[in-house]
Amino acid sequence: MPVSRASGVDRRLFLTSLLGVTAAAAGLSGCAESSAAAGSEGASTAPLADKVPAGTSLKIASYQNVQQLQFKLAKLPEPPFKVSGWLNIGAGPDVINAFRAKSLDVANNAGIPPIQAHYQGFDAKIVAINITRRPNYLFATKPGSDIRSIADFKGRKLAFSQGQAQGVVLLRALKKAGLEYDDVDLVPLTSNQFLTALQSGQVDIAPLGNTQAPAYLAQYESKGARTITTDVVDLLNLLWAPVSVLNDRAKAAAVAAYVPRWAQGQVWQYEHPDVWNEEFYVKTQNLTLPQARSITALANKPLFPPSWTEAIAWEQETADLLAEGGFVKSFDVGTLFDHRFEGIAAASVPAEYRK
């Protein structure tokens, strides 16, 4: 894939092509702005039902089957609704596509996908928040690279996914280092392409999750690859759902019943690192136990805020950062939050996990 420098008006076209898997594929380019503005008006404000009606079902995203494994190991009670499908979907663009196709009802992502969905004209709402205080991502170099700091990113090719957390982490790191977007070459990729791009030398740098780095270094550190850590965090780990789902009284009640299980599963995982290392990282991800322990050592303590004030402020900063670069149009991110669900996650966990 050729590398393009994104600047000015070209940046928006450049990133629209990246998101061809989402907005462009759906034929939404050119109308996203008006659709997004209109869509949020249809969100329900009706009180959530006290009970989930019989026969209600949800299709839930569970990337790498994490949710099912958490619930099984934690021995959480069966939900008062049927899970009609667990979808192995994690990347924001893939989630948005699944939402559009009505093949997914609720998903777990970072803060950027809801912003991207809004920009594309698809209306969805955030229903739960987990605050992350420690970095979940670091920057990996291609083999044989001489890059050793963020300042060395100038003039280099950087893997960039606008619609995913990795993209915002990169933009925040550049801003903190005093680098402008035009100081670097942003290469449009999705996160599942980052490792291949690094290995082939297509890019100089790619943001990798803490869970990916050990395996990458095990293979390429001897060939001159390295990682660069920063204190840049992606604050939000969230649940979100399409407005069409949340406007359905039965499904909204089911989502509200799912939120506590989502929160409790994360608490259980955090409190049982040894079991999780063996059952998830070793048995399903084929990592060694030392590699698994190195990942767990970086794990964030789950924090579920009773109030979403900080989360909204962070989401607004993120949207503004994207707008500054011409990647999206500026808007009030408060429209992305369904406050009927505020506090549900916090009420379901011990006090030490409430922010």
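User: Which helix does Gln-316 lie in?
Analyst: Gln-316 lies in helix α13; helices are DSSP runs of H or I with at least four residues, strands are E runs of at least two, and both are numbered from the N terminus. This is a predicted model, in which local features need pLDDT of at least 70 and side-chain atom pairs count only at pLDDT 80 or more, while totals for chains, interfaces and linings use all residues. Residues are numbered from 1 along each chain as its sequence is written, and side-chain values use heavy atoms, with hydrogens and water left out.

User: What does Gln-316 touch, not counting residues up to four places away in sequence?
Analyst: With that exclusion, Gln-316 touches Phe-331, Asp-332 and Val-333, where contact means heavy atoms within 4.5 Å. Ser-330 is 14 residues from Gln-316 in sequence, and their C-alpha atoms are 9.1 Å apart.

User: At what angle do α6 and α13 pack?
Analyst: Helix α6 (residues 165-176) meets helix α13 (residues 309-324) at about 75 degrees, and their axes are 11 Å apart. Axes are lines fitted to C-alpha atoms, for helices over the stretch in contact, and angles run from 0 to 180 degrees between N-to-C directions. The angle therefore makes α6 roughly perpendicular to α13, a class that spans 65 to 115 degrees.

User: Which residues make that contact?
Analyst: Val-168, Leu-171, Arg-172 and Lys-175 come from α6, and Trp-314, Glu-317, Thr-318, Leu-321, Leu-322 and Glu-324 from α13. They divide into five nonpolar, one polar and four charged. Here Ala, Val, Leu, Ile, Met, Phe, Trp, Tyr, Cys and Pro count as nonpolar, Asp, Glu, Lys and Arg as charged, and the others, Gly among them, as polar.

User: Now the sheet. What is the strand order?
Analyst: The order is β3-β10-β4, an open sheet of three strands with antiparallel pairing; two strands pair if DSSP finds at least two bridges between them. β3 (107-110) and β4 (124-131) each have a single partner strand, so one side of each is left without a neighbour in the sheet. The twist averages 35 degrees from one strand to the next.

User: How many bridges join β3 and β10?
Analyst: β3 and β10 (residues 236-242) pair over four bridges, and Asn-109 stands opposite Leu-238 in β10. Helix α4 (residues 92-100) packs on the sheet, touching β3 and β10, and its direction makes about 20 degrees with that of β10.

How values were computed: Angles under 35 degrees count as roughly parallel, over 145 as roughly antiparallel, 65 to 115 as roughly perpendicular and the rest as oblique.
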